[in-house]
Protein chains: 2
Amino acid sequence: MLQSQLFTKTIRHAPEGEETKNAQLLIRGGFVNKSSAGVYSLLPLGFLVLEKINRIIREEMHAIDGQELLMPTLIQKKYWEQSKRWDVDVIYKTGANLEYGLGWTHEEVISAIATNFISSYKDLPKAVYQIQTKFRAETRAQAGLLRGREFLMKDLYSFHANANDLNAFYQKVIGAYDKIFKRVGLKTVLTEAGGGAFTKEYTHEFQVLNPAGEDTVYYCRKCKFAQNKEIYNEAAHKDCNAEIKSDRAIEVGNVFKLGVKFSEAFNLNYLDAQGARHPVVMGSYGIGPTRILGTIVEEYNDAKGILWPEAVAPFFVHIIQLGDSPKVKTAAERLYKMIRQKSSLSVLYDERGCMAGEKLNDADLLGIPWRVIISDKTVAQKKIEVKQRAEKESRLIDSKKLLADLKQRLVMEKHIH
Amino acid sequence: MLQSQLFTKTIRHAPEGEETKNAQLLIRGGFVNKSSAGVYSLLPLGFLVLEKINRIIREEMHAIDGQELLMPTLIQKKYWEQSKRWDVDVIYKTGANLEYGLGWTHEEVISAIATNFISSYKDLPKAVYQIQTKFRAETRAQAGLLRGREFLMKDLYSFHANANDLNAFYQKVIGAYDKIFKRVGLKTVLTEAGGGAFTKEYTHEFQVLNPAGEDTVYYCRKCKFAQNKEIYNEAAHKDCNAEIKSDRAIEVGNVFKLGVKFSEAFNLNYLDAQGARHPVVMGSYGIGPTRILGTIVEEYNDAKGILWPEAVAPFFVHIIQLGDSPKVKTAAERLYKMIRQKSSLSVLYDERGCMAGEKLNDADLLGIPWRVIISDKTVAQKKIEVKQRAEKESRLIDSKKLLADLKQRLVMEKHIH
């Protein structure tokens with residue numbers, strides 16, 4: 001894409017009142033726009049990143065046989081009353097008589113839907129998910145995309161004949177989540193947490209240790225012990241004499257064993273092979289794509305801007321034309337065409353008429369992984385100047401060498417996943 | 001996909017109170033679920049169709065340089081007040097002090113966002129769009145996906161230096177919409193309509209003539225004259241002596257010249273080459289993906305079920321195994337594997353243990369374009385039995401012939417678009 005055609009431009013100063021790195025850099029880069037506290041638009045650059053995150057999530061959900069669907073935002077009071085959550089948990093109510101609650105989780109709706117399709121042990125197990133806008137009344141909505149009043153959620157629901165089958169699938173989801181977080185570039189700590197309203201067993205959270213987080217995690221570097229602040233019990237750290245550390249962390253995913261709470265509330269039952277009736281055993285599993293986006297920025301930034309991991313970068317390559325002599329222009333245009341014709345790599349081409357300093361600062365802020373400069377200097381040497389965003393020094397190479405390098409990166413990436 | 005693994009099953013009887021074909025067939029087929037009046041979930045089969053519609057829309061938006069973004073549902077009162085629509089047009093209000101209106105259109109938000117990025121004639125033109133859930137308080141929400149309280153909308157907004165540029169882009173959008181509707185299998189009539197709150201010039205609607213529609217269109221088969229009931233004026237039909245007909249119609253898209261209404265309200269201005277300030281000239285353009293889905297069903301059905309056009313079908317091929325002798329099972333599995341390995345075609349394989357009649361009725365209801373039956377009869381003849389959903393008679397052919405036929409369909413489809 002030509003940078004002059006991009007809907008957004010970078011913004012020089014971080015808006016007042018935005019304290020987190022993710023909000024500052026994402027707004028300055030033109031990735032997002034804040035319309036009110038905790039409510040953001042994903043602008044074209046941010047949307048590109050979001051779609052890459054969502055694609056990775058979809059691939060891993062598909063790999064564990066999750067089927068995608070889309071449930072409503074407007075959830076009638078009767079659903080919430082059936083699970084006794086209307087007065088407790090539904091914050092955003094709407095409609096002429098406030099007869100709807102805006103969905104912030106969909107156990108009620110999916111349980112009611114499932115009664116149409118699950119009646120026998122032969123119908124189990126099943127797993128369905130959606131990527132959908134959710135709403136929570138956050139009083140402290142000042143952490144950018146880490147804590148929104150409106151945000152995206154991938155919510156997966158699973159249905160099983162018994163606890164054993166749920167437990168096996170629960171582990172499968174943990175495996176899928178591990179892959180998702182690894183692919184988007186996040187290191188997570190699998191952390192035990194309280195069951196909340198759902199279950200007395202521990203649930204699990206995927207926590208990214210980061211000072212911007214609002215959670216606190218107690219964990220051991222040596223064994224796999226990790227608990228969140230709410231349930232932390234030092235005595236639970238057994239068979240390992242290493243020290244327990246505590247750090248701030250961002251929760252990017254969670255997995256719950258719901259058991260039969262919702263199937264009992266919604267009469268979601270099945271008949272076993274002997275004809276006996278049982279409530280369906282359920283699980284629910286969340287990941288926040290917009291929160292992931294914010295977390296990636298908290299993890300990958302420096303004083304100059306964002307450093308997107310390749311798998312989620314809005315573009316893979318950033319061509320920067322410095323100067324507008326015909327030779328430079330021709331060389332830059334030729335490279336832009338070549339990469340697009342000979343690879344599937346996405347390219348942003350900065351052909352704007354502004355000053356070199358502005359272009360380079362913008363490029364650092366936007367954080368596209370591979371930067372290629374075309375200037376009078378590079379043209380004179382029949383080379384191009386390449387620098388990865390995280391590298392300090394650039395190098396002059398042949399444009400064919402660049403394409404080979406980039407393709408190898410792609411092959412490597414595919415090989416890893 | 002194996003049909004036994006599908007989250008949904010067909011439902012024998014249409015639910016009571018559902019009068020439209022689209023609601024009846026989509027619910028019976030397990031494509032959608034109604035959770036309350038005008039509020040539907042897209043279940044996995046319906047979601048597959050929706051995603052094909054959305055992909056076609058995205059491709060055509062991309063072709064006219066539309067950049068995708070995602071704006072919020074929660075829109076603060078201040079935005080609506082600035083355009084004087086809070087008391088008039090915002091139906092679903094929410095928040096502790098009802099300080100948000102649920103977005104049913106986004107002129108306000110996008111105008112406010114654009115002030116960050118448009119300040120010079122050099123920043124124009126631009127076009128951005130989103131595919132997003134919208135909310136309207138429909139009192140008569142009984143037309144299935146044709147008229148929802150919650151529904152999906154593709155809304156495109158464009159920004160121009162002057163009316164001429166807007167007019168040229170407006171025609172480009174009409175061209176893109178023509179392509180979209182043609183690709184999803186809908187014949188539309190471009191109909192003049194009133195400007196509503198936005199403009200005194202006529203706007204245009206894309207109407208599908210269908211008795212399930214709630215609009216009435218007056219049109220001439222010979223010339224391009226078409227007006228909706230609200231503005232119809234017989235005297236406007238000039239230069240053609242053919243008869244004017246009137247029919248019920250479903251509005252699947254619309255295009256508006258907004259002019260400077262919103263740019264003036266939000267101080268969205270630009271400086272021209274001489275340094276003079278002007279308000280930006282805007283357009284907005286809507287298409288309803290979920291309404292398209294319902295309209296396709298209204299257009300493509302028979303007494304037995306749906307007949308999906310290939311471009312939007314949830315699957316391309318439906319393999320139906322009749323009987324469970326080892327030979328039949330092996331032949332069906334082999335065909336399933338072969339199509340998946342040798343083509344990119346999506347296949348639903350009905351390997352369920354139920355009776356032949358049930359399988360064939362389900363297949364008719366689901367409406368997948370290419371049906372392939374594998375039975376003792378076909379195995380004995382070393383053939384497969386192929387029938388397109390719209391055809392009356394099936395034919396016995398070689399499985400390699402099927403693959404060649406299917407691939408040719410795909411090539412033809414690509415060639416057309």
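Does A:Gln227 count as buried or exposed, and how many C-beta neighbours does A:Gln227 have inside 10 Å?

## A look at A:Gln227

A:Gln227 counts as buried, because 24 C-beta neighbours lie inside 10 Å. A residue is called buried if 20 or more other C-beta atoms lie within 10 Å of its own, exposed if 12 or fewer, and partly exposed in between, with C-beta atoms placed from the backbone. This is a predicted model, where local features need pLDDT of at least 70 and side-chain atom pairs count only at pLDDT 80 or more, while totals for chains, interfaces and linings use all residues. Residues are numbered from 1 along each chain as its sequence is written, and chains are lettered from A and ligands numbered from 1 in the order in which they are written.

A:Gln227 belongs to strand 12 (residues 226-228) of chain A. Helices (H or I, at least four residues) and strands (E, at least two) are DSSP runs, numbered from the N terminus. Setting aside neighbours within four places in sequence, A:Gln227 is in contact with A:Thr191, A:Glu192, A:Tyr218, A:Tyr232, A:Asn233 and A:Ala236; contact here means C-beta atoms, placed from the backbone, within 7 Å. A:Ser246 is 19 residues away from A:Gln227 in sequence, and their C-alpha atoms are 9.5 Å apart.

## Where chain A meets chain B

Now to the pair of chains: 39 residues of chain A are in contact with 40 residues of chain B. Elements that each supply at least two residues of this side of chain A include strand 1 (32-36), strand 2 (39-42), helix 2 (44-63), helix 5 (107-114) and strand 7 (126-135). The largest share, four residues, comes from strand 2 of chain A. By class, this side of chain A has 19 nonpolar, 13 polar and seven charged residues. Ala, Val, Leu, Ile, Met, Phe, Trp, Tyr, Cys and Pro count as nonpolar, Asp, Glu, Lys and Arg as charged, and the others, Gly among them, as polar.

Helix 5 of chain A has eight of its eight residues buried, so this helix is largely enclosed by the rest of the structure. Among them are A:Glu107, A:Glu108 and A:Val109. Strand 1 of chain A is also largely enclosed, because four of its five residues are buried.

## Strands and a hairpin

Strand 1 and strand 2 of chain A run antiparallel and are joined by four bridges; strands pair if DSSP finds at least two bridges between them. They form a hairpin with two residues between them, and A:Gly38 in the turn has a positive phi of about 75°. A:Ser36 has A:Val39 in strand 2 as its bridge partner.

Elsewhere in chain A, three strands form an open antiparallel sheet in the order 4-6-5. Strand 4 and strand 5 are at the edges with a single partner strand each, so one side of each is left without a neighbour in the sheet. Two bridges join strand 5 to strand 6 (residues 100-102), and A:Lys93 stands opposite A:Gly101 in strand 6.

## Domains of chain A

The domain assignment, which is automatic or from a database, gives domain 1 (3-71 + 106-302) and domain 2 (315-416) of chain A. Their centres, taken over C-alpha atoms, are separated by 36 Å. Five residues from domain 1 and eight residues from domain 2 make up the contact. On the domain 1 side, no nonpolar, four polar and one charged residues take part.

Methods. Two residues are in contact if their C-beta atoms, placed from the backbone, lie within 7 Å.
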